[in-house]
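This report describes a single protein chain for a reader who has not seen it before. The sequence and structure come first, and the description follows.

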Amino acid sequence: KSPLARASIVWIATEYIEHVQVVAVELLRTLAFTFTEEAKTVKMQILNLAVRLSIHEIDIDPINQSAVLTGKQKKQIEHAISQVKELQSYVFELARYDTDCDIR
């Protein structure tokens, strides 16, 4: 487990989030569970990813676009968005109580 390599992977996903949104969400989900065990650099990149996902939420939400979706598709998208918001809240809460003041 190289912290620099892990941080680099998260940075790449964050930097190119508009191209890899599904991967970014899955990456956030995976890293949220190991957040407290990660190195400081990885934690910073996880927080950046969570923030960028909230900024690019409009892209994740095609309901706001002109596409015609079925009721089932809308519910699936709404469910996915709520999961992302829950993950973000979870990561932000973990960061709030982190021992490192830079993470807080």
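## Overall make-up

Of the contacts in the chain with a separation of 6 or more, 65% are between residues 24 or more positions apart; a contact means heavy atoms within 4.5 Å. This is a predicted model, in which local features need pLDDT of at least 70 and side-chain atom pairs count only at pLDDT 80 or more, while totals for chains, interfaces and linings use all residues. Residues are numbered from 1 along each chain as its sequence is written, and side-chain values use heavy atoms, with hydrogens and water left out.

The chain has 5 helices and 0 strands, in the order α-α-α-α-α from the N terminus. Helices (H or I, at least four residues) and strands (E, at least two) are DSSP runs, numbered from the N terminus. Of the 104 residues, 32% count as buried. Buried means under 20% relative accessible area, exposed over 50%, and partly exposed in between, with a 1.4 Å probe and protein chains only.

In soluble globular proteins, nonpolar side chains tend to be buried together. The largest nonpolar core here has 21 residues, and those with the most contacts inside it are Leu28, Phe35, Ile46, Leu49, Leu53 and Val91. Two or more residues of this core come from each of α1 (3–15), α2 (21–32), α3 (40–55) and α5 (71–96), and the largest share, 6 residues, is from α3. A nonpolar core is a set of buried Ala, Val, Leu, Ile, Met, Phe, Trp, Tyr and Cys residues joined through side-chain atoms within 4.5 Å.

Leaving aside residues up to four places away in sequence, Leu28 touches Ile46, Leu49, Ala50, Leu53, Leu87, Gln88 and Val91.

The 13 residues of α1 should span 18 Å at 1.5 Å a residue, and its end C-alpha atoms are 18 Å apart, which agrees. The expected span is 1.5 Å times one less than the number of residues in the helix. Ala7, Val10, Ala13 and Thr14 are the buried residues of α1. They cover an arc of only 125 degrees around the axis, so they are on the same side of α1; the arc is that of the directions from the helix axis to the C-beta atoms. The buried residues of α1 pack against α2 and α3.

In α2, the buried residues are Gln21, Ala24, Leu27, Leu28, Leu31 and Ala32. Their arc around the axis is only 125 degrees, which puts them on the same side of α2. The face of α2 turned away from its buried side carries the exposed residues Val22 and Val23. The buried residues of α3 are Val42, Lys43, Gln45, Ile46, Leu47, Leu49, Ala50 and Leu53.

## Aromatic rings

The structure holds 1 aromatic pair. The ring centres of Phe33 and Tyr90 are 6.4 Å apart and the planes are at 45 degrees, so the pair is tilted. Rings of Phe, Tyr and Trp (its six-membered ring) pair if their centres lie within 6.5 Å; planes under 30 degrees apart count as stacked, over 60 as edge-to-face and the rest as tilted. Phe33 is in the loop between α2 and α3 and Tyr90 is in helix α5, so the pair ties together parts 57 residues apart in sequence. Phe33 is exposed, with a relative accessible area of 53%, and Tyr90 is partly exposed, at 39%.

Lys43 lies over the face of Phe35, at 5.7 Å from the ring centre. A charge sits over a ring if NZ of Lys or CZ of Arg is within 6 Å of the ring centre and within 35 degrees of the ring normal.
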